[in-house]
Amino acid sequence: MDLDARPGTASLTQRLRSMLSWSNGGDAVGTLVRTHRAIHSGADASILRHAYRIAESKHRGQLRKSGEPYITHPLAVAQILAELGMDTTTLVAALLHDTVEDTSYTLQELRRDFGPEVAHLVDGVTKFDKMFYGQDAEAETIRKMIVAAGRDVRVLVIKLADRLHNMRTLDARSHASRQRIARATQDVLVPLCDRLGIQFLKRDLEDAVLFHLEPEAYARIHDHVRHRPHWKEYLEEVTAQARAALRRDKVDADVRPRPRHYYSIWKDTVAGGHQVPFDLPRIAVVVDGPETDCYTALGAIHGLWRPVAGRFKDFIASPKNNLYRSLHTTVIGPGEQPVEVLIRTEAMHRAAEYGIAVYYRFPKATAAQAAADRADELAWLRRVLDWEQETPKATEFLESLRGDLAETQIQVIADGRPVVLPAGATPVDVAYELGTEKGDCCVGAKVNGRYTPLSAPLQEGDVVEIFTADAELGEAGRGPLREWLDFVKSPHAQMQISRWFSDHNEPTITIANKVRLGRAAIGLALRRYSRGLATEEPLRRLATDLGYPDLESLLVSVADRKVAADMLVDRLIAQVDHQPER
Ligand code: MN
């Protein structure tokens, strides 16, 4: 395969250039400083040069599997981060990121020489020793990284750049380790990158994964992209017409072709069952004005070309889970050819491209809204850290993390705020997301205004209301049902429910109390349906129908949470409402 067919060709050239200057004894760190200064003009270059000197002297004599001097790796990682627009501290940490793990340099020395911030970042990406931790080393390392990222998210950004460079240089490794590393990247690092919203890195990571896991598909798509007839001319025509239409409607906007990356083409091709690579022409309209200009631009585009029904999505009004915002539409463009159009403001465009890194790349522009937005963007990380504390075993934690990352997510509204959950999550998941107390005491739910079983899977955008048992039932009446473990989807809810059962080895409640509790639980459930019972007769009949010797046994079962009060009430209502006329 020729060099051009590899992912990240531009950086390959850069790498070759930096190697060249290195071997000439030239200014290897010069490119890095220039890239960094182009984005952050006031940055301190001397600290970067200092970090480079230390890293180079510590790694001296070490070679990568490819035979290159080891220092080319940390330098390339720092270069990726400089292009992403990260701050000086991140680049310093990137240059030093493998020193503690692979050289005689200790964390104490690093802290003394570069301060606690850099030390924290380096420590966050330093692997645990396999000799010491054995089998669990990998899981412990990921867990440590996530915890470190909770204090400073730049740990994850460095890790992503580190992995991207390793993926680009996997050729030197054996087939087996290429497969293993590419798969681990796909399972954990790509979804992490997605959660942080950093498209800038995700595209290259995904293309590198595809290159190693599906080399034939990669080559086929590469061929397709290079030999599309009239593709460039067509996109020029489309952008020119779009520009003219926007000008007519007085929308100030930049229109540019927005090609898909290889992995994205591959996914659409496979998902659509297409034999040849499937890829529609795509343009991005970046408006210069406020958010409302996006809708004006949409009007102009739909006025020019007929929209394809069902393809319009408003991610401005309802942002995706990683807070991605844009309008998406597909129109029938010139020559009856479908064209995809993305419409966004400049701020949305930056956020879509750089995600969490936007705050480092544009510190002035984002200063005002930074605190609140960052809290939102990292809600996912906080949730992971919450259940990290509940999981003593690192391998279990990694398992849950993988699960969480693999799930597609949905967003529902509860307590007036958006709540992000794994697809298929239920009202019980929502209740635990709102708080442990709320989860433990949850007895019923309304979804979009209608009573819904606690086990019913929720849909994107559902409005969920949770009802909890109150003081009437007393302390003993609170607690989850074991059967909830069969349907909850979020690791957080699973852990909270398991924790409740290990904490409560059923204290000594008398039978009389249980009978009272069971009756109260049923009374409460009935009231939620605005129903009451004039006599206990229907309940007695139900107890017999269900095979209980008497009503009291049924009530004890309710108190013990072996039977759901909700289910009983459902049956009672059905029984009363559908009683045949006598
Ligand atoms: Mn590394």
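**A tour from Asp-415 to the manganese site**

Select Asp-415 to begin: with a relative accessibility of 57%, Asp-415 counts as exposed (exposed means over 50% relative accessible area, buried under 20%, partly exposed in between, with a 1.4 Å probe and protein chains only). This is a predicted model, in which local features need pLDDT of at least 70 and side-chain atom pairs count only at pLDDT 80 or more, while totals for chains, interfaces and linings use all residues. Residues are numbered from 1 along each chain as its sequence is written, and side-chain values use heavy atoms, with hydrogens and water left out.

Asp-415 sits in the loop between strand 7 (409-414) and strand 8 (417-422); strands (E, at least two residues) and helices (H or I, at least four) are DSSP runs numbered from the N terminus. Phi of Asp-415 is positive, near 55°. Most residues other than glycine have a negative phi.

Next, select Glu-336, in the loop between strand 5 (327-332) and strand 6. Phi of Glu-336 is also positive, near 60°. Glu-336 is exposed, with 60% relative accessible area.

Move on to Glu-340, within strand 6 (residues 338-345). Glu-340 has 9% relative accessibility and therefore counts as buried. Show side chains here: that of Glu-340 makes a polar contact with that of Arg-260, at 2.8 Å (a polar contact is a pair of N or O atoms within 3.5 Å; within protein, one must be able to donate a hydrogen and the other to accept it, and residues adjacent in sequence count only if both atoms are side-chain atoms).

Now select Ala-217, in helix 13 (residues 215-226). Ala-217 is buried, at 7% relative accessible area.

**Cavity and pocket**

The structure holds 2 cavities of 30 Å³ or more. On a 1 Å grid over the protein atoms alone, a cavity is a set of points where a 1.4 Å probe fits but cannot get out; a pocket is an open set with protein on both sides within 12 Å along at least five of seven lines; lining residues have an atom within 4 Å of a point. Points are joined across faces, edges and corners, and a volume is the space filled by probe spheres set on them.

For the second largest cavity, of about 30 Å³, select Gly-444, Ala-445, Tyr-451, Thr-452, Arg-528, Tyr-529 and Asp-566. This cavity lies between domain 3 (407-501) and domain 4 (511-577), because both give residues to its lining; the domain bounds come from an automatic or database assignment.

The second largest pocket holds about 1,200 Å³ of space. Of its 34 lining residues, Lys-127, Arg-163, Asn-166, Arg-173 and Ile-181 lie nearest its centre. Helices that each supply at least two lining residues include helix 7 (107-125) and helix 11 (175-195). The lining divides into 13 nonpolar, 6 polar and 15 charged residues (Ala, Val, Leu, Ile, Met, Phe, Trp, Tyr, Cys and Pro count as nonpolar, Asp, Glu, Lys and Arg as charged, the others, Gly among them, as polar).

**Manganese ion**

Finish at the metal. Which residues coordinate the manganese ion? They are His-73 (NE2), His-97 (NE2), Asp-98 (OD) and Asp-162 (OD), at 2.2 to 2.4 Å. Donors are N, O and S atoms within 2.8 Å of the metal (3.2 Å for Na, K and Ca); water is not among the atoms, so sites may look incomplete. The donor residues follow the spacing H-x23-H-D-x63-D in sequence. His-97 and Asp-98 are both buried.
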